[in-house]
Amino acid sequence: MDLSIIIPTYNEAENLAPMLAQVFQVLRDNDIRGEVIVVDDDSPDRTWELAQALVVRYKGLRVIRRQGERGLATAVLAGLKAASSEKFLVMDADLSHPPELIPKLYQALDKADISVASRNVKGGGVRGWPLSRKAISWGATTIAKLLTDVKDPMSGFFALRKDVVDGVELDPTGYKILLEVLVRGRYERVEEIPFVFEDRKTGTSKMSSGIITKYVSHAWSLLKVARTTRAQLARFLMVGGLGILVNLAVLWALVDLASWNYLPAAALSFVAAVTFNFAGNRAFAFRDESRGAGRVASQYAKFFAVSAGSLVVNLAALFVLVDAAHLWYILGQVIAIVAATACNFAGNKLWTFRPAPTVQKVPSVRATALRAMIMGHFHGYEGNRAR
Ligand SMILES: Nc1nc2c(ncn2[C@@H]2O[C@H](COP(=O)(O)OP(=O)(O)OP(=O)(O)O)[C@@H](O)[C@H]2O)c(=O)[nH]1
Ligand SMILES: [Mg+2]
């Protein structure tokens, strides 16, 4: 078996037969040995019954009828679990996704781990969408850009190798399963293949306002774990924002409750905020899971140095902007804060929380041979032979 095609359906009785005819035709024409898994959530229009009736016509058609469960993402996951090949493809049943693209997505997996039918690369697009739908899609994609570099992470038409998701815990509450795979999956290369999304011709849409709120909460849960620098920066800024509150709260408590002078109080509240930011950035922004008191202490020292350095950058920039460039000091301070924050982020990303070197790789045969030759040369004998 070369490819497992997963098609989630809900009330797609009108589309399913022509859709499957096209899919199996494409597989035959391209010599792809494939299975098609229809995952239906007990549709009221009995799509599952129609699918089961078609099993005799199409060898390779399998039907999963889920009862008492509803949801696109969980349906796709159920299909992935049941799939029996090493390569998976996911597509909609409503003929929005042209089956002719299946071979391209499949072949792309020779070089890539994930292939995406993309509306947002040259040659791709959407046809027949009203402006409101385009606006929603644009908003959702903008949020998603924090999470991944893929241009169309909202696509429902994509293929992947099994190892990308094997053993990876996916969160089935999400609606956009590709986005989930892109954030949590294990992969190196993604290829995007342009396609034009056709609006569904028949059947009813499952788009609703509930889907938007669900999407926002899904994106939020992914933002907490995404590995892109943009996501790290977003989390870093959130921690920093809370850090300002910690600073002010400690300052207020020391001055107002403990009657400290405001200057030593400010020094201590700076230390408190840096400590808070350190913990928040380690756990949340950079998700550093390294252990050991020594490592944490050295990270804390580095973090403190970067924070102090950023303060110096802030003051130096402010001085230059106000004194030399004659800017209004408030505007100067805004620019100086941006510069200091950038230094702070870069310093901590590249130095404080730089991932610890992973376990050394097993040396390659060639490297070992080369080393033996060099050592042999130095010691006056050739490799291990003369021993
Ligand atoms: N099994 C299952 N399939 C679903 C569910 N919701 C949607 N689908 C299927 O998932 C695919 C995509 O859903 P669509 O309703 O077409 O979503 P969309 O493409 O964003 O929006 P429209 O094309 O405007 O309806 C279709 O094949 C649906 O039948 C669900 O809860 N369970
Ligand atoms: Mg659709």
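So, where is Leu95 found? Leu95 sits in the loop between strand 4 (87-90) and helix 4 (102-108), where helices (H or I, at least four residues) and strands (E, at least two) are DSSP runs numbered from the N terminus.

Quick housekeeping. This is a predicted model, where local features need pLDDT of at least 70 and side-chain atom pairs count only at pLDDT 80 or more, while totals for chains, interfaces and linings use all residues. Residues are numbered from 1 along each chain as its sequence is written, and chains are lettered from A and ligands numbered from 1 in the order in which they are written.

Back to Leu95. Its phi is near 65°, positive in a residue other than glycine. Most residues other than glycine have a negative phi. And is Leu95 buried or exposed? Leu95 counts as buried because it has 21 C-beta neighbours inside 10 Å; the cut-offs are 20 or more other C-beta atoms within 10 Å for buried, 12 or fewer for exposed, and partly exposed in between, with C-beta atoms placed from the backbone.

Now compare Arg287, in the loop between helix 10 and helix 11. Arg287 isn't a glycine either, and its phi is positive, about 45°. With 16 other C-beta atoms within 10 Å, though, Arg287 is partly exposed.

That brings us to helix 11, residues 293-324. It has 32 residues and reaches 45 Å from first C-alpha to last, close to the 46 Å expected, which is 1.5 Å times one less than the number of residues. Its buried residues are Gln299, Phe303, Val306, Ser307, Ser310, Leu318 and Leu321, and they pack against helix 10 (262-285) and helix 12 (329-352). After helix 11 comes His326, again with a positive phi, near 55°.

On to the ligand. Which residues come nearest to ligand 1? Of the 20 around it, those are Pro8, Ala75, Ala93, Ser205 and Lys206, counting a residue if its C-beta atom, placed from the backbone, lies within 6 Å. Strand 1 (3-9), strand 2 (34-40) and helix 3 (72-82) each give two or more residues to that shell.

Last, the big picture. The domain assignment gives domain 1 (3-223) and domain 2 (229-352), with bounds from an automatic or database assignment. Their centres, taken over C-alpha atoms, are separated by 43 Å.

Terms used: Contact = placed C-beta atoms within 7 Å.
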